Amino acid sequence: MSPGPAIVLVAPDHPEEMRAGLARYVHEYDVRVTGSCHAALATTHEIVQAGGTVAMVVSESRLPDAEVLHCFAKLREKVPTARRVVAAHWERFLDDAPDLRSAMARGEFDAYLLMPRGTRDEEFHHAITEILSDWGSTVPDPEVVSVKIISPVRDALTLSIRDFLDRMGMPNRIWEPDSDAGRHVLERWEGEPVFPLVFGGNGLVTHATSVRDVARSVYGAPTEIDVDRVVDVAIVGGGPAGLAAAVYAASEGLSAIILEAEAIGGQAGTSSMIRNYLGFPRGISGMRLAQRARNQALRFGARFFTGQVVEQMRVGPPGQPHVLCTESGEVRARAVVISSGVAYRKLRVESLDALTGAGVHYGAAMSAAREMEGQDVYVVGGGNSAGQAAVHLARFARSVTIVVRRDDLAATMSSYLIAEIELNRRITVRPSARVVDGGGEARLEWLELEDVHTSARERVDAGGLFLLLGAEPHGDWIPPEVVRDDSGFVVTGRDVPKHHWRDGLPPENLATSVPGVYAAGDVRSGSMKRVASASGEGASVVPLVHAYLAAGERAG
């Protein structure tokens, strides 16, 4: 068996302590111990030249031939996907911390840890395995694969399937039909092969014509909604706001149902790494955050119905439940939380819309990032989602250019992301510009950029375009009784027009114009459009639901 991905240790002063501390990884990783930055670079070059890869570099905080940050920068050029960790000796940990932690905040490395003091330093190993897990979920070819995709082309459907599986936390990989894995799957397929074929852990081979086909093959046919009683609260949308509402509602004894049209996590589920979410000092991917929240809600008794598009909501008369209608059935709920989120706005350039899925992508599209190796990639958008996408893409692409209409990113992006972008040599920012045209044979090959001030145009080579252009609400199903603003976002609290107030009082801050109907997260007018604020609104809506239900019981 060939050695697994490598872990390179840079330990000039304490090699035995470092070797002993990471001994448990020897069976699954090719652990190499070096004594200097020069030696680490040479070892990394040797591994890459032999066709291997480096998953992680763990270095002492002081090196004999280079500053550790300079060494990490050089190693990043050789293996952009490798995670970088400083494991400082306990005699140096406090002295070296101030400078290194500020560098970590700028994204120059991933974690600052105390060197393990023994073989069972579980706090250290928790951090290491968490970082390795993050690495394994973002590399082009994951080590552990639960779903195989067989396809001769990387077309829009194939990449959409892979993106869905990524967002559901299911490791996957694409193989050619004439590969060993491809032949293995084709042996289980009856008749002429048609692609893409999807082979899941259940042993079934499915010809996928849509992402929904894959969901059926993995989870079975869409769950028929068999709720035969009125539930306390129905939550429409499984993004951060809906998940938080589900966790807190179910944990407090309310019967809660979540209806989600796509993958759990919403837009946040596509984020490769959220670094400023409370409680995750090393950051967390949107997929992992969503899956942990889903499992937490399930543990408290919430019920999820995925693949369910809410087509209509019928507002119940006073004292009667509201009704949510889907193609699989209806849900009657005493209270409803609208957390259906938003979609990225379209660029509305016809030539580029025709290439959607063939180099042009809306949203972060983590799976598509893997296909960008060696390409020049453009990201349109100035928010945190665009910044996170650019940083992730830079692990694979030759270059990443962020295109923004503003003069800079300061007004729209968090400072920690701006600092990380400034330090990444593969990323540049193109201010005061917009994309006006593009094209290619079968897939994207070029873009035309226009200066917003001078109208001067430039044609550039491009292998990928990722569009994160701001938000349009998912609200076609929302009835007219629920007031929305001119852009379609749900109005709540004091923003509700006065003629909808009751007894001269405005609705509660997250309540809509309809009693018992609430809005949380990005779909709500005036929301911050941040993961943490959406989660906070989802949690905050539960006491309002409690109070509403209690008032109804007293009136009854």
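Which elements cover the buried residues of H14? In this predicted model, the cover includes helices H4 (93–105) and H13 (384–393), together with strands E19 (399–403) and E20 (427–430).

**Helix H14**

- Helix H14 spans residues 415–423, and its buried residues are Tyr-416, Leu-417, Ile-418, Ala-419, Glu-420 and Ile-421.
- Helix H13 is among the elements that cover these buried residues, and both H13 and H14 also give two or more residues to the lining of the second largest cavity.

**Largest cavity**

- Five cavities of 30 Å³ or more are present in the structure.
- The largest cavity holds about 170 Å³ of space.
- Its lining consists of 13 residues, of which Glu-130, Asp-134, Met-273, Arg-282 and Gly-283 are the closest to the centre.
- Two or more lining residues come from each of helix H5 (122–138) and helix H10 (286–299).
- Helix H5 supplies the largest share of this lining, with three residues.
- By class, the lining of the largest cavity comprises eight charged, three nonpolar and two polar residues.

**Second largest cavity**

- The volume of the second largest cavity is about 80 Å³.
- Its lining is formed by Ser-272, Met-273, Arg-275, Gln-388, Val-391, His-392, Arg-395, Tyr-416, Leu-417 and Glu-420.
- The elements that give two or more residues to this lining are H13 and H14.
- The lining of the second largest cavity divides into four nonpolar, three polar and three charged residues.
- Met-273 lines the second largest cavity, and Met-273 is also among the residues closest to the centre of the largest cavity.

**Gln-388, a lining residue**

- Gln-388 belongs to helix H13 and is one of the residues that line the second largest cavity.
- Why does Gln-388 count as buried? Gln-388 is classed as buried because its relative accessible area is 8%, and the cut-off for that class is under 20%.
- The side chains of Gln-388 and Ser-271 are joined by a polar contact of 3.3 Å.
- With neighbours within four places in sequence left aside, Gln-388 is in contact with Ser-271, Ser-272, Met-273, Ile-274, Tyr-416 and Leu-417.
- Of these contact partners, Tyr-416 and Leu-417 are among the buried residues of H14, and the lining of the second largest cavity includes Ser-272, Met-273, Tyr-416 and Leu-417.

Technical notes
Residues are numbered from 1 along each chain as its sequence is written. This is a predicted model: local features need pLDDT of at least 70, side-chain atom pairs count only at pLDDT 80 or more; totals for chains, interfaces and linings use all residues. Side-chain values use heavy atoms; hydrogens and water are left out. Buried means under 20% relative accessible area, exposed over 50%, partly exposed in between (1.4 Å probe, protein chains only). Helices (H or I, at least four residues) and strands (E, at least two) are DSSP runs, numbered from the N terminus. Contact means heavy atoms within 4.5 Å. On a 1 Å grid over the protein atoms alone, a cavity is a set of points where a 1.4 Å probe fits but cannot get out, and a pocket is an open set with protein on both sides within 12 Å along at least five of seven lines; lining residues have an atom within 4 Å of a point. Grid points are joined across faces, edges and corners, and a volume is the space filled by probe spheres set on the points. Ala, Val, Leu, Ile, Met, Phe, Trp, Tyr, Cys and Pro count as nonpolar, Asp, Glu, Lys and Arg as charged, and the others, Gly among them, as polar. A polar contact is a pair of N or O atoms within 3.5 Å; within protein, one must be able to donate a hydrogen and the other to accept it, and residues adjacent in sequence count only if both atoms are side-chain atoms.
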